[in-house]
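Good morning, colleagues. May I ask you to turn to the structure on the screen.

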Amino acid sequence: MEQAIVDFCTWLSGTALSVSIQTISWIIPLVQSVHIMAITVVMGSVLMIDMKLLGVVGRGTPVTGMVHRFAPWIWTALVVLLATGSILTIAEPARELTNLMFRIKMALILVVGAVTVVFQTAVQRQAGGLGRHPLQPGRRAGAGHRHPGPVGRHHGLRPVDRLRRSRLSRRA
Amino acid sequence: MSTVVGTISVLDLRLLYVTSRQRSVRSVSADVLPFTWGAFLLAMITGLLLFSSKATEYVVDFPFLAKMGVMACAGVNMVIFHFTTYRTVGGWDAGGVRPPPAARISAFLSLASGPW
């Protein structure tokens, strides 16, 4: 298995595509910069959603609103990361594919990606299944900031509890 | 570093009136700035440590100096925004209101300095 990966790396780094990425001097710095900027987008967006779930930010904004705002940024940036990451890997396959840290990183990305899909699906289902959430300001212009306090049956709960509770009540 | 740029971009895009249009500027600002500053502090400390490892090389390195220059400009931009433009935030804080040109210019400059 290990030998097969090494062979694959040797073959890939000899292909015309890999060689041209290696020899044209500006490709790797440019692609790497774009890669890092995309990481920035994912970090900022994920942080905002996570902090909302912890109840630290976004008072008066529902979880669904936060997810809808940031999810497109996360997924777009992930596509960019995949594309730029692939280019960097094609340029130096052995540096990536035979590296234990790289493999751990890829495994973690798969796990966190799955967690994100499950979470966003749950949020989506709640938004659709319960109709308008008690905290949802709706789509009317300027409605959001006029409903700062928690109202409705989930009064006083943190967003994470609200999500959990609605899931429980649906099961019951 | 990515947290600094990632979080401040959220506020920049609100000031540019591209995203979060229905949320008040002050609430978006209160949500993201603590993280921006916390992460900036970390970036400062780690950056100084990295710099100290090869200080003699860095001080004559043009890209490094350019980066410091852009960061200084971004700092000036932030100070100007905070002490002049942001004073009138009460008038354009609410959701659905497009911030004034000065705020949008500051936000654009801030976004543009991000990649550095």
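Helix α3 of chain A covers residues 27–53, which is 27 residues. From its first C-alpha to its last, α3(A) reaches 39 Å, close to the 39 Å expected at 1.5 Å a residue; the expected span is 1.5 Å times one less than the number of residues. Helices are DSSP runs of H or I with at least four residues, numbered from the N terminus. Just after α3(A), G55(A) takes a positive phi of about 80°.

A word on the basis. This is a predicted model, in which local features need pLDDT of at least 70 and side-chain atom pairs count only at pLDDT 80 or more, while totals for chains, interfaces and linings use all residues. Residues are numbered from 1 along each chain as its sequence is written, chains are lettered from A, and side-chain values use heavy atoms, without hydrogens and water.

Now to the interface. In contact, meaning heavy atoms within 4.5 Å, are 19 residues of chain B and 19 residues of chain A. The two chains bury about 1,500 Å² between them, 71% of it on carbon and sulfur atoms; this is the accessible area (1.4 Å probe) lost on being put together, summed over both. In chain B, Q22(B), R23(B) and F35(B) lose the most area to chain A, together 32% of what that side buries.

Which elements of chain B give two or more residues to the side that touches chain A? They are α1 (2–15) and α2 (25–53), and α1(B) gives the most, with seven residues.
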